[in-house]
Amino acid sequence: MDIPVHDTTDAPAWPDPATFCADVRGQLVGALVLLGHDWRVAEELAQEALVRTWQRWATIDHPRAFALRCATNLSRSWLRRRLAERRAYRLVSADASTTSDPPDTASAVAVRRAVAALPARQREAVVARYFADLSVVDAAEVMGCAAGTVKALTAQAIANLRRAGLDVTEEESDA
């Protein structure tokens, strides 16, 4: 599913791609960390998503949604490749290397663990809605599903996060 192109009702909020990249880079990295990547991989995937957004800058009207969609797709591809590598390493009895994240506060670690424990689609909905601050409609575009699906996945994710012991308050949903 492609991000809408040439929607004149909502012009880009950024005057140029360089400003856009500077403004959203940290948010993309954070979203990718919440999707299960360590900081180094998240930085690399975010950079690639920004390059792809820059390349298509003249043809997209929702650059934040487009960049998050690119980052999410790159994340999925990276995870598939990583799983294939691990299977191959196991076949030849090699150990896969482990990486560590920078030190975090206890609450950030608890939130990251709880979000990481969510099913993949719920995790994507929560990251798109609350971390990337996308509307339900924009999150649906990024995830390639209906707005109602985003609402349902978000509600399920919040319920799961509450069961995990997080104090989560639901915001009013927008359509």
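Helices H1 and H5 cross in a right-handed sense, meaning that the near helix is turned clockwise from the far one by less than a right angle. The model is predicted; local features need pLDDT of at least 70, side-chain atom pairs count only at pLDDT 80 or more, and totals for chains, interfaces and linings use all residues. Residues are numbered from 1 along each chain as its sequence is written, and side-chain values use heavy atoms, with hydrogens and water left out.

H1 covers residues 17–34 and H5 residues 120–131; their axes come within 10 Å and cross at roughly 155 degrees. Axes here are lines fitted to C-alpha atoms, for helices over the stretch in contact, and angles run from 0 to 180 degrees between N-to-C directions. The two helices are therefore roughly antiparallel, a term for angles over 145 degrees. On the H1 side, Gln27, Gly30, Ala31 and Leu34 meet Arg123, Val127 and Phe131 of H5, where contact means heavy atoms within 4.5 Å. By class, the residues of this contact are four nonpolar, two polar and one charged. Ala, Val, Leu, Ile, Met, Phe, Trp, Tyr, Cys and Pro count as nonpolar, Asp, Glu, Lys and Arg as charged, and the others, Gly among them, as polar.

H5 also packs against helix H7 (residues 147–163), at an angle of about 100 degrees and with the axes 8 Å apart. That makes H5 roughly perpendicular to H7, the term for 65 to 115 degrees. Arg121, Gln122, Ala125, Val126, Arg129 and Tyr130 of H5 meet Val150, Leu153, Thr154, Gln156, Ala157, Ile158 and Asn160 of H7. The residues of this contact divide into seven nonpolar, four polar and two charged.

H1 also takes part in the one aromatic pair found in a search of the whole structure. The ring centres of Phe20 and Trp57 are 5.4 Å apart and the planes are at 50 degrees, so the pair is tilted. Rings of Phe, Tyr and Trp (its six-membered ring) pair if their centres lie within 6.5 Å; planes under 30 degrees apart count as stacked, over 60 as edge-to-face and the rest as tilted. Phe20 lies in H1 and Trp57 in the loop between H2 (39–55) and H3 (63–91), 37 residues apart. Phe20, at 0% relative accessibility, counts as buried, and so does Trp57 at 17%; buried means under 20% relative accessible area (1.4 Å probe, protein chains only).

Overall, the chain has seven helices and zero strands, helices being DSSP runs of H or I of at least four residues and strands runs of E of at least two, numbered from the N terminus. Of its 175 residues, 38% count as buried.

Note on methods. Angles under 35 degrees count as roughly parallel, over 145 as roughly antiparallel, 65 to 115 as roughly perpendicular and the rest as oblique. Buried means under 20% relative accessible area, exposed over 50%, partly exposed in between (1.4 Å probe, protein chains only).
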